[in-house]
Amino acid sequence: MTTELQTQRNRVAKTGLGNGLFLLILAGVAVMLNLVSTDLYGRLDLTGDHRFTLAPASKKLVSDLKSPVEVKVFLSSELPPPYDSIQRELSDLLSEFAANGDGNFRFTIVDPGASEEDKAKAANYGIRPVTVGEQSSEALSVREVFMGLAIVYQKPSGDVQEVIPQVFPGMNYEYELTRRIRKISSEAKVPTVGFVIGDGSFFDTIISEAAKQGGAEGQDPAAAVKTQLAGQLKSQLFDDLFSVEWVTLDQPVADTIDGLVLLGPTKDLGAAGAKNLDAFVMKGKGVAIFQSPYRTNTPDIGVIPGMPKFTVPEENKTGLEGIIESYGVTLNKDTLIDRKSPQVSVVEKVVAYMGNEPLKASVPTLDPRLPLMTNINRKSLLVPNVNLLAFMPADRATPLPISSLSRTAAASAAQTAGTLNITEVISSAETTVRRNNAMGLSVEDATEEKPDEVAGPFPVIVTIEGKLASSVGNGSTDKARLVIASNGDFISNVFNRNDPLADPRTLRGMPPALGQSVQEYRESAVNFLKNATEWLVSDADLIAIRGRGAVAYIDGSRLDSSKKFTMQAFNIVGIPILFSLAGLVAWQLRKGRRAALAARFKKAA
Amino acid sequence: MNPILSIAKRELRASFTSVTAYIVIALFLLIAGGLFWLEIFNAASTELSMRTFFTRAPFFLAFFAPAISMGLLAEEQRSKTLELLMTLPVTDMQVVIGKFLAALTLLAIVLGATLPYPISLASIGNLDWGPIIGGYVGLLFLGSAYLAVGVLVSSLTRDQMVAILVSFFCCFLLNTFGELASHTEGTVAEVLRFISTSGHFENVSRGVIDTRDLLYYFTIVLLSLSGASIVLSRRRW
């Protein structure tokens with residue numbers, strides 16, 4: 001008996017030991033497999049724009065490298081959330097670059113905190129530590145970390161480098177790397193964008209106002225401000241991807257200019273201007289025209305002491321409308337109104353009286369004359385990172401109507417024939433209506449419905465590509481590339497330091513959500529200008545990468561309060577109620593079955 | 001029929017005849033749905049995605065998965081039906097896997113009940129389905145890891161309350177290892193970060209199915225279920 005018990009105990013001990021050993025070996029194998037998988041892995045990118053997979057343009061760029069590129073990442077380890085994802089995301093991306101680089105792409109990730117030598121190397125590249133917050137259970141602390149990288153292109157003639165001093169979560173790493181590698185490794189010249197001046201555009205206003213203030217002795221103030229502004233556009237707006245030059249259309253546009261931007265022209269172009277612009281288009285070069293069919297005018301009524309100047313809206317006859325029409329797009333003289341999802345404008349209102357003197361202030365107002373542009377053509381390369389757009393007026397005292405664009409009959413025929421492609425890039429919301437010839441419409445007038453209104457949406461920004469005949473009978477081109485927008489204010493507002501919507505005091509007066517929207521309009525406007533410019537100078541590959549990972553927003557115009565409520569009610573309460581009802585039915589069925597069984601047993605007994 | 005499937009089917013049927021399961025599921029849906037849908041329309045321009053849902057879901061799952069798994073083996077042990085189960089021609093591993101699959105199916109049904117969320121969102125904008133699919137796949141993997149841990153803990157006790165509390169503690173710990181890693185340095189931090197379920201889930205919920213993350217979840221499931229199987233086999237000795 002004792003022997004049997006002993007044998008039993010021995011067997012239990014052996015089995016226990018065997019099982020323990022099995023589990024240990026299994027854990028060891030699993031750990032080994034996990035370690036091996038850090039270098040040997042596969043990924044499936046399910047995102048719509050494959051934002052976590054190297055774009056074809058990036059692959060081609062690194063596979064065509066003539067000299068080695070080395071990326072040196074200076075990244076502190078043990079970064080707190082949300083920075084902790086940077087290392088893996090960067091490492092995965094750089095591994096993909098290296099895999100496509102035919103040995104010409106290398107990268108290293110070092111923690112400069114570990115050695116003084118690495119700290120000095122980072123400093124040599126201009127990468128300085130940045131302060132990040134760290135939340136522990138006791139308190140919020142801050143620490144200095146490195147989150148920068150240097151790209152070194154090792155040309156036979158010497159190293160060329162580009163530096164990103166600080167990366168951050170959500171940054172489009174691929175775009176930032178690709179464009180920098182392209183910039184330092186490409187022998188081609190940087191494209192030049194020409195901004196047209198002398199046409200009464202917003203830039204003319206800036207330049208003339210700066211010139212009035214004067215400059216240093218012996219210096220032409222207008223020239224100085226033009227140089228300064230071009231430098232700012234080049235570095236701050238285009239991140240040194242393009243050169244910027246000022247262009248006047250009274251003479252032929254230089255061949256060095258790759259694309260032209262006309263931002264809110266208000267002066268007549270004249271015959272020479274029209275001819276020069278058309279000649280540029282006929283060369284197959286890109287042009288973006290942001291022009292409203294209306295402009296403001298301050299009439300000269302003579303000098304009456306004490307009488308303030310006032311502005312009135314009038315038709316904006318620059319001659320461009322005729323050129324645009326000949327290319328296939330009509331700049332309609334209409335007003336778009338959206339009563340269901342009006343945006344906020346800042347309207348000058350009398351808020352008090354000082355004696356008999358009215359005291360005016362900029363008051364945020366829901367304005368039906370400011371429709372939200374929610375129909376964004378996601379297939380277009382001009383809008384991947386444009387989420388919300390509203391055409392905010394530049395002149396608060398005399399807000400100009402927001403107008404629509406339409407195709408001409410000839411353009412529609414050419415489109416059907418397949419020779420011309422006019423694409424609606426951005427259109428107003430479905431809730432928009434159109435009213436003809438309503439130039440001086442007030443907020444109150446716009447609030448009232450009229451029988452002649454036509455329901456939207458209506459295009460406000462289009463692109464024209466393909467075969468175009470000259471507007472002045474000077475040949476044709478097969479490679480036309482134009483962006484036409486029915487408004488220029490939404491872009492020029494971004495550069496307007498006096499824009500009330502950019503004023504923190506105005507923003508503070510708004511509900512936070514509206515203030516946030518205003519910031520998003522500005523961000524979208526900047527992104528649109530960048531995209532349009534890149535598109536004009538044919539860098540479609542890069543713009544396609546930049547647009548990846550853009551965040552989509554809820555379309556407010558497709559969501560009224562009743563739909564919102566239905567959606568919330570169904571998803572919050574409806575689904576649990578359905579489950580509870582299913583439970584009740586199951587419980588009743590079970591009860592019924594039990595009762596039936598009990599009855600059967602009773603009967604049998 | 002395959003013994004594993006038979007056990008899974010029996011277990012699943014048992015789950016759906018209990019009113020408690022419906023109450024727990026309804027509560028989960030009410031809380032998860034409430035937090036997501038009450039917040040999403042607050043701002044004038046909200047990101048059209050389920051990011052906030054997927055950010056909170058791992059925390060809910062750390063509660064919910066133990067609630068599903070608590071009774072799987074503990075209740076069988078308490079009511080002495082486990083011995084009866086052991087007399088059937090099934091191996092311990094088959095019992096464990098069968099019960100785990102039943103729990104996983106139940107979890108999939110609950111997650112499936114939240115599918116109207118992305119469908120509703122798609123009706124008000126251009127929704128990118130990649131991260132949504134990734135998020136649900138991630139939740140299933142994360143849930144399977146938590147359930148496997150729950151099965152292991154359930155095999156160690158007869159008391160369902162003990163099972164749910166210990167499982168929750170383990171799942172919560174697995175979820176917060178990433179946070180703990182930011183308070184330590186060196187290899188310990190690296191190991192903690194790797195063990196943490198949150199980092200792996202974040203990657204999948206971006207819309208990237210990565211073999212490293214799948215292997216990680218598979219490892220947790222394999223080790224936990226093997227452990228549970230060994231615990232059960234001790235009853236035969």
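I count two strands as paired if DSSP finds at least two bridges between them. Helices (H or I, at least four residues) and strands (E, at least two) are DSSP runs, numbered from the N terminus.

Ground rules: I worked on a predicted model, where local features need pLDDT of at least 70, side-chain atom pairs count only at pLDDT 80 or more, and totals for chains, interfaces and linings use all residues. Residues are numbered from 1 along each chain as its sequence is written, and side-chain values use heavy atoms, leaving out hydrogens and water.

Entry one, a hairpin. I looked up strand S6 (residues 147-155) of chain A and found it antiparallel to strand S7 (residues 158-164) of chain A, with seven bridges. Two residues lie between S6(A) and S7(A) in this hairpin. I picked out Ala150(A), and its bridge partner in S7(A) is Val163(A).

Entry two, chain B overall. I read eleven helices and one strand in chain B, in the order α-α-α-α-α-α-α-α-α-α-β-α from the N terminus on.

Among the buried residues of H2(B) I noted Tyr22(B), Phe28(B), Phe36(B) and Trp37(B). The buried residues of H2(B) pack against helix H16 (561-604) of chain A, and also against H1, H3, H5 and H6 of chain B.

Conventions:
Chains are lettered from A and ligands numbered from 1 in the order in which they are written. Buried means under 20% relative accessible area, exposed over 50%, partly exposed in between (1.4 Å probe, protein chains only). Contact means heavy atoms within 4.5 Å.
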